[in-house]
Structures are given as structure tokens and as C-alpha cells.
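Hi there,

Here is the structure I promised to pass on. Have a look at it first, and then read my notes below.

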Amino acid sequence: MGHNHSHSHSHGHHHATTNKKVLLWAFLLIASFMVVEFIGGILTNSLALLSDAGHMLSDAAALGLSFLAIKMSERKSTSSNTFGYKRFEIIAAAINGITLLVISLYIFYEAYHRILNPPEVQSLGMLAIATIGLIVNIVAAFILMKGDKDDNLNVKSAFLHVLGDLLGSIGAIVAGLLMYFFNLGIADPIASIIVAILILISGWRVTKESFHILMEGAPDDVNTAHIKESLLNIPEVASIHDLHVWTITSGFPSLSCHLVLNDDESHDKVLHKAKSILHDEFGIEHSTFQIEGRSSGCPGHQDSCN
């Protein structure tokens with residue numbers, strides 16, 4: 001059996017350090033204003049502000065959990081956790097996504113009752129707090145954009161939390177203007193519903209992606225059929241079976257498969273070729289191969305492989 005393990009440690013360490021910094025600063029900013037917005041929502045009796053504050057509470061939890069996840073993923077592997085704690089990052093993203101879904105459903109419920117019986121809302125106070133909230137969320141979004149939000153699912157989920165909250169602030173501002181100038185009390189719950197829909201969409205995306213990883217699904221940007229075809233193009237390879245591709249954590253795709261060779265070929269030569277193909281064509285740096293001779297077959301129990 002041949003093994004090939006290669007990781008870009010310096011590149012990964014740089015991203016991890018940057019991600020930690022942006023998550024920490026965004027957490028401090030969001031958590032601080034969340035308290036202000038919650039108190040303001042109670043004082044002004046605005047569901048739009050209260051729902052936004054509830055979303056900011058989930059933001060703060062998401063950012064704190066994401067920061068903790070990266071810290072946990074830095075812990076070294078042990079005999080019982082051979083991949084270390086890298087998967088904790090995906091678990092955190094899944095929790096964040098589910099939290100978004102729950103919050104959106106609660107906003108729908110509360111908005112429904114307020115549409116039936118619109119309460120009195122202090123629109124000017126609501127406008128002032130929502131405007132400050134918009135500025136805070138814009139700053140937090142810019143901070144998170146400096147992180148690895150496109151490739152790191154954890155930072156991506158945190159960014160979507162903040163982006164949804166930013167839209168919530170815009171909705172609260174629009175609702176406040178409509179109530180102030182046109183006395184439309186129903187604008188407050190309607191703005192909350194619009195925000196809830198946006199939160200629901202982003203929450204579903206993060207939850208779906210994180211569960212796909214937890215279920216050992218192949219990365220979306222990796223075509224297993226193309227991988228198999230490329231490996232079969234190696235002249236020394238007779239056939240391939242038990243090909244598995246999955247993701248340990250964001251930016252850490254892994255592969256394992258059985259390569260059946262002609263008996264008289266060098267397995268070291270084939271491993272080098274296979275390693276180059278995976279790295280150059282598919283960006284996979286962590287791989288494990290089982291080498292088998294055509295005549296001897298798979299050395300599994302009962303002459304079968306997993």
C-alpha cells in the first residue's frame with residue numbers, strides 16, 4: 001500500500017491567522033451593538049429591530065463559535081483523533097446554518113401576529129438605531145471580507161450571518177421611513193418577513209453544504225469521473241476501484257482509491273504520476289492509494305474490497 005500526504009502548511013497557516021483575526025474583531029463589534037439594538041427594539045417596540053437584534057445574537061454566537069472552531073482545528077492530531085479537530089469547523093458551520101433557519105421561522109411567527117394586530121412603533125428611535133446598525137454591519141462585513149470567505153465554509157457562514165443582518169438593518173430603515181412619513185404600521189412586520197426570507201435562504205445554503213461535507217460527500221468542484229479517467233490514463237494502471245473523495249474541512253479535500261497495476265510495473269513510479277495528476281489537475285494534496293497487482297487481486301477479506 002502506498003501513501004502520499006502533502007500539505008501547504010505555510011499557506012494554510014496564513015489563512016488561519018487571518019481568519020482568526022477577522023472573526024475576533026467582527027465578534028467584538030457585533031456583540032457590542034447587539035446589546036444596544038436589543039434595548040432599542042424593546043424601547044421602540046419594533047419587531048424589525050428586535051428580529052435584527054436576535055439575528056445579531058446569532059451572529060455573535062456564530063462568530064464566536066467560528067473563532068473557537070479555527071482554534072480547535074489547530075490542535076494536533078492524536079491516536080484517537082487522527083485528523084485532529086479540523087472537522088469541528090464544519091460542525092460549527094452546520095450549527096450556524098441551523099440557527100439561521102430557526103431564527104427565520106421565529107420571525108415569520110412573530111410577524112404574522114403583528115400583521116393581524118400592528119402595534120405602535122416609535123419610528124424615529126427605530127430609524128436612528130437601525131442606521132447605526134447598518135453602519136456596524138457594513139464595517140463587520142468589510143472585516144470578514146478580508147478573511148478566506150470564498151473557500152472557508154466557516155468564515156463564509158459567519159459572513160452570511162452578517163450580510164443577512166446588514167439587510168435586516170436596511171429593512172428596518174425602510175420600515176421606519178414608511179411609518180414616519182406614511183404612518184404604515186404594517187411596514188415593520190413586512191420588513192421583518194423580507195429579512196426572514198433572506199436569512200432562510202442563506203441558512204439553508206450553509207446547512208446543506210456543511211451536511212454534505214459531514215456525510216463525506218465529494219466536493220462540488222471535484223468531478224470523480226474525471227479523476228478516474230485521468231488516473232486510468234497512466235499507462236501502468238490497468239484499472240481503478242473503490243475511489244472515494246471527501247472533504248475533511250474547508251480547503252482540505254482528500255482521496256483514497258485502489259490502483260490495479262500490471263504485475264511487472266513499479267508502484268513508486270505510478271504513485272508519483274498519480275500524485276502529480278491529483279495536485280496539478282484537481283488540487284488534491286492529501287491522498288492514500290492501495291496498490292494491487294492484476295493477477296493477485298484485492299487483498300481484502302473474502303476477496304472483496306470496501
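Two residues are in contact when they have heavy atoms within 4.5 Å of each other. Leaving aside neighbours within four places in sequence, L144 is in contact with V22, L23, A26, L63, K149, V155, A158, F159 and V162.

This is a predicted model, in which local features need pLDDT of at least 70 and side-chain atom pairs count only at pLDDT 80 or more, while totals for chains, interfaces and linings use all residues. Residues are numbered from 1 along each chain as its sequence is written, and side-chain values use heavy atoms, with hydrogens and water left out.

The pLDDT (the predictor's confidence in each residue, from 0 to 100) has a mean of 82 for the protein, and 90% of the residues reach 70 or more. Please be careful with residues 1-11, where the pLDDT is below 50.

Now for the helices (DSSP runs of H or I, at least four residues). After α6 comes E216, with a positive phi near 60°.

Helix α2 packs against α6 at an angle of about 25°, and their axes (lines fitted to C-alpha atoms over the stretch in contact, with angles from 0 to 180 degrees between N-to-C directions) are 8 Å apart. Where do they meet? L47, A48, S51 and H55 in α2 meet D188, P189, S192 and I199 in α6.

Enjoy exploring!

Definitions and conventions: Helix = DSSP H or I, 4+ residues; strand = E, 2+ residues; numbered from the N terminus.
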